[in-house]
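Here's a quick briefing to read alongside the model. Have a look at the fold first, then we'll go through the overall picture and a couple of individual residues.

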Amino acid sequence: MGPQAAQSLPAGRLQQPGRRAREGALDREALAWALSALCQYFRIPVDEALSANQLAPPYDLESVAHAAGLLGLRATWKTLPAARLKKLAAPFVVVLAPVF
């Protein structure tokens, strides 16, 4: 995803602040945002309500990967240091964990 296509997750979308991002629950809007961003990149039409209804809450990062798979995309989550991000092939979704 080039800089022109980069989008930010709406603020406050991790439901459990203070926990590691990988463990946190996502609300429905965050799930829809991630799917929408990926589908825009690949020009895949997506019905956000239908996609979210196929998954049972609570939503987490694995829900995003599962929903992407339902849309025909290959998705997985990895924990990487920030320096490795420049080596990843686009598109990818980044979840930043707070540093305490």
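Helices (H or I, at least four residues) and strands (E, at least two) are DSSP runs, numbered from the N terminus. This is a predicted model, so local features need pLDDT of at least 70 and side-chain atom pairs count only at pLDDT 80 or more, while totals for chains, interfaces and linings use all residues. Residues are numbered from 1 along each chain as its sequence is written, and side-chain values use heavy atoms, with hydrogens and water left out.

**Overall fold**
- The chain has three helices and zero strands, giving the pattern α-α-α along the sequence.
- Of the contacts (heavy atoms within 4.5 Å) with a separation of 6 or more, 57% are between residues 24 or more positions apart.

**Burial**
- Of the 100 residues in the chain, 28% are buried; buried means under 20% relative accessible area, exposed over 50%, and partly exposed in between (1.4 Å probe, protein chains only).

**Around Lys78**
- Lys78 sits in the segment after helix 3 (61–70).
- Lys78 counts as exposed because its relative accessible area is 61%.

**Around Asp47**
- You'll find Asp47 in the loop between helix 1 (28–42) and helix 2 (48–53).
- With a relative accessible area of 45%, Asp47 is partly exposed.
- Asp47 and Ser36 are 11 residues apart along the chain, and their C-alpha atoms are separated by 8.7 Å.
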